[in-house]
Amino acid sequence: MKKNRLFALLLAAIMLLSLLAGCAGNPGGSDPTKDPGPGTKDTPKPAAPVELNVVTSYGGDDGNRKSYENAVKGYEDATGNRVQDASGTSNEEWKAKVLTDFETGTEPDVLFFFTSADAEPIIQAGKVVDVATIRAEYPDYASNMRDSMLAVASDGKNYAIPSSGFWENMFVNTKVLSDCGVAVPGPDYTWDQFLADCQTIKDKGYTPIACSLFEVPHYWFEFCIMNNGTLSEQLDIPADAGDAVGQKWAAGLNDIKDLYEKGYFPVNTLTATDAETVQLFGDGEAAFLIDGSWKVNYFVDNHGETLGDYVISYVPAKGERKASEAIGGISMGYFITKKAWDDPAKREAAVQFVKHMTSDTVMSTFVTTEVTALKNGASPAGLNPLQQAAADANAYITGVIGPVQDAVSPECKAELFANVQRVVTGDMTAEEAVAAAIALN
Amino acid sequence: MGKKITPAKACTYVVLSVWALTTLYPFVWVILNSFREKGLIRKDSFSLPLPGSGFTMDNYAKAMDRFDFANAYLNSLIVSVSVTVVVVILAGLAAYGLVRYRFKLRGVCYSLIMAGMMFPVFSTIIPVFRMEAAWGIASSGNRWLSLLAVILPQIAGNLCFATIVLMGFIESVPIELEESAYVDGCHVFQVYFHIIMPAVKSSFATVAIFSFLWSYNDLFTQNFFLRVPKEKTITLLLNEISSQAGVDYGLMAASVVLIVIPVLAVYVMLQKHIIKGLTAGAVKG
Amino acid sequence: MNSSSTLYKKKGPLVVFLVPAFLFLVLYLYYPFVQNVINSFSDITGLGAPAQGLNDPWWANYATLFTDPKLRTALGNTVILTVCTVVFQVGVALILALLVDSIRVGAQLFRTLYFFPIVISATALGLMFNLIFLYNGGMLNQLFSNLGIIEKNIDWKDTSHFMVTMFTPVMWQYVGFYFVILVTGLNNIPQDLYEAAALDGCVGLSKVRYVTLPLLRNVLCTCLVLAVTGALKVFDLPWVMFGAGMPQDQGWLTGTYMYDQTFNRGNVDYGSAIAMLIVVLGVVLSNVANRVFKPRNDL
């Protein structure tokens, strides 16, 4: 029994020590807030400090969390308001929480959320205020944004002010390529050349394509569809599997199946997670990876020593598409809820908050190479090599369009991607997969 | 008895030790990897991280580099201790009532509790959220109310399990003692507190441990109700920062260790109640 | 055990015993679950969204339960898991509990160590097992190829291996749980009974067979019930390791399938119907278990 007491005391002591260490290490945040971001110059301090409830996706372990927290602090210092921040990381559960909050009347005052079909429930319920109404009171609201790039909801109005967008393109591991004697693809990369390169890479013992068909076939899907159509037609949605668009989708799926049957995907692509296959790429065992702008910081954090091995290149094209055409856009934005708008004190605070977060200066701390709606563009400081490579590649991009998967209902999207693994193994034909998905749209 | 070790005894120890190794090893593995540089974990996760060859305290520094770290421990403790205490009290009462009394709805009640144990938490979470939002305790912005919003469903969730387990134990207590107490003039509450409870003390300890543990580790409910950093529990906080990216194994390992320490402390403290002989004296003819 | 003794004739105090607990249960379990039942008949498109009228026909989801091939896979896998759980988890736990009961030196240590796996959350355990079973450089593959047993890495999560990979961690994790319950049950057996039996020459294995096991009957029944219900509900560890039906829709379990339908697919009403199925199965199976184990059924 004495031993137990001792053991328990030891554990308690460890806990106490870690508590103290935790406290000591946090004199109000261990990242020095050297410059808490610019305050908004034209805000007079309001009469009494307002408490603003904010929900964004910049919480948890989002790559931009620190920039976000700094920006919020800047706002608080400038206006004297306090922000109750309940941000999370963007995933299905977070979406469900947000939607439920609106349902039960506990929604926040400012919300940073998707502007695609995901936002339809709250827009249709009239729970958020459209930009035109806000501009009636605050004419300079989002004046630094290009209106043409604001997301348009199903009723034709704009509701959200965009922050930084994203792009999707091809990452290549130059070390693997050089070892196989394959040239780094340029903006004129053809599909046939790509197939030949993959075979060379495979013969050399590497994995050509890093992709988990089980978890994330999303990016290959988008580009394969574009390869069977044109950039401008990317957002067409099939009414059923038999029409032209449906056939385009089926052709795209069959392209993926072709790659699978040739063995260009990892051996365990149907049982690996995205994290595992990205690791293959990062470790220099795979050559090609289609991913998005958010992954740049991921490589900086997790594969810093081999950062020089990666560059951004172009997804091979066939048919009418050019390899210099990519997927991108702005999919999330700041909404002001009706709840906050109807409260005069909060109205002012909310508007100031959004203006602050979408100001040129604050945006520059978030944005590196992504698309923005800013009229003057963002001016990020100090790009790391991979970001520089992305910027270089982006210079040759001739066209960008949003992903069609964001334009269909979440059920349709989920069904479609869950069926990819069945299509590639022949368990289901591409047409059946498309039909099953469209039925849920 | 004799000090010689029979083959049977030796065999016993071998079997027990083998299993102990399998349960201990993962824990040791997690601790070792929490001190390992994150890049090395995937390549070399099963060796010893010595200083100079992969040893680092970075993972712990990163895990504790959050605004509300100590607060989170406090929140976890508040929630789990409250849940445990209430569950033990209520489940004990309910189990006793169901075991000893004969009444018409007895079978129905038992089936209800059994059914209650089957409800997956995700199917009840949204109606519960709506209900608590209507009462004003969910998403209220007030830390104590939010913690309460988590405590209440967790109590309900653990009650079914606790009641079932306690029923099993109470049933094994011979009834003669209670009857003789009745003859001596005790009424039923005195019987419960002075005879039943001491007799199944170790069962209460068991139920307490598991309730504490499940409340502590219950990510789902906590995730749904606790939004603002100062409300979050330690499991939530550390899970957030370590599970999304999926590859910072060092950070995850450090998070696991930090989460696990209080629970082990509780278990070790309660464990001494689950020892042989405590009950021997209680049942005399 | 005659429980109709005079002490318990007056039913008044019964209310005090039962009401507080049932109040919690009604509010937080039954009422939401009734909501769930209603949901299973309605047409709900997304989590948190209101119902848009009844399904057409209203029993549509339940009809799907019979025709859905993925659900059938899930049920099949869960049945296998239940059997394995009962035989291995409870079985091994029983053996360990009996063994630990028979020794004095080190009993405390073993009791502490066996508890460890339950303390570590499923996410962390999933992480560890993922690293063990990882295709590229996981512990098993590394070990086997170093020992020369295999030439190419084994994909532990593919269709020919996934059963073992899925079931082993789940079963291993909860042995400690049943172990603790059984140890507690063993402790409740008074020493005097063993001594009396010893006087009659009943020791060792026959002591176990004729004294210990019968007295453990109630606790064993509890363990059985918990095992069955646990297998029907298990979610954390399989989800972290296998996700949505890996491999290729063959790895579903009732718990993970329900979660996927409700949260990832937004098919909330169907998810509710699956939840109903899980509950009904659980209640039926546990009643069966009770009847089998306690024939003088006073329940």
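This is a predicted model: local features need pLDDT of at least 70, side-chain atom pairs count only at pLDDT 80 or more; totals for chains, interfaces and linings use all residues.
1. Two residues are in contact if their C-beta atoms, placed from the backbone, lie within 7 Å.

2. Chain A is divided into two domains, each made of two stretches of sequence: domain 1 takes in 51-165 and 330-366, while domain 2 takes in 167-327 and 385-438. Between the C-alpha centres of domain 1 and domain 2 of chain A there is a distance of 31 Å. As for where these domains touch, 5 residues of domain 1 of chain A are in contact with 7 residues of domain 2 of chain A. On the domain 1 side of this meeting place, the residues comprise 1 nonpolar, 3 polar and 1 charged.

3. Chain A also holds an open sheet of 5 strands, which are arranged in the order E2-E1-E3-E10-E4 and show mixed pairing. At its edges lie strand E2 (82-85) and strand E4 (161-162) of chain A, each of which pairs on one side only. As background, the strands of a sheet pair through backbone hydrogen bonds, and they may do so either parallel or antiparallel.

4. Strand E4(A) is joined by 2 bridges to strand E10 (residues 332-336) of chain A, and the two run antiparallel. Within this pairing, Pro162(A) has Gly333(A), in E10(A), as its bridge partner.

5. Chain C is built from 13 helices and 0 strands, and its pattern along the sequence is accordingly written as α-α-α-α-α-α-α-α-α-α-α-α-α. The C-alpha trace of chain C spans about 70 × 70 × 30 Å along its principal axes. Of the 299 residues in chain C, 48% are buried. Among the contacts in chain C with a separation of 6 or more, 68% come from residues 24 or more positions apart.

6. Which helix of chain C gives the most to the side that touches chain B? Taken as a whole, the meeting of these chains brings 81 residues of chain C into contact with 85 residues of chain B. Several helices of chain C supply at least two residues each to this side, among them H3 (69-102), H7 (162-187) and H13 (268-293). Helix H1(C) gives the most, with 14 residues. Sorted by class, the residues on the side of chain C that touches chain B are 51 nonpolar, 27 polar and 3 charged.

Definitions and conventions
Residues are numbered from 1 along each chain as its sequence is written. Chains are lettered from A and ligands numbered from 1 in the order in which they are written. Two strands pair if DSSP finds at least two bridges between them. Helices (H or I, at least four residues) and strands (E, at least two) are DSSP runs, numbered from the N terminus. Ala, Val, Leu, Ile, Met, Phe, Trp, Tyr, Cys and Pro count as nonpolar, Asp, Glu, Lys and Arg as charged, and the others, Gly among them, as polar. Domain bounds come from an automatic or database domain assignment. A residue is buried if 20 or more other C-beta atoms lie within 10 Å of its own, exposed if 12 or fewer, and partly exposed in between; C-beta atoms are placed from the backbone.
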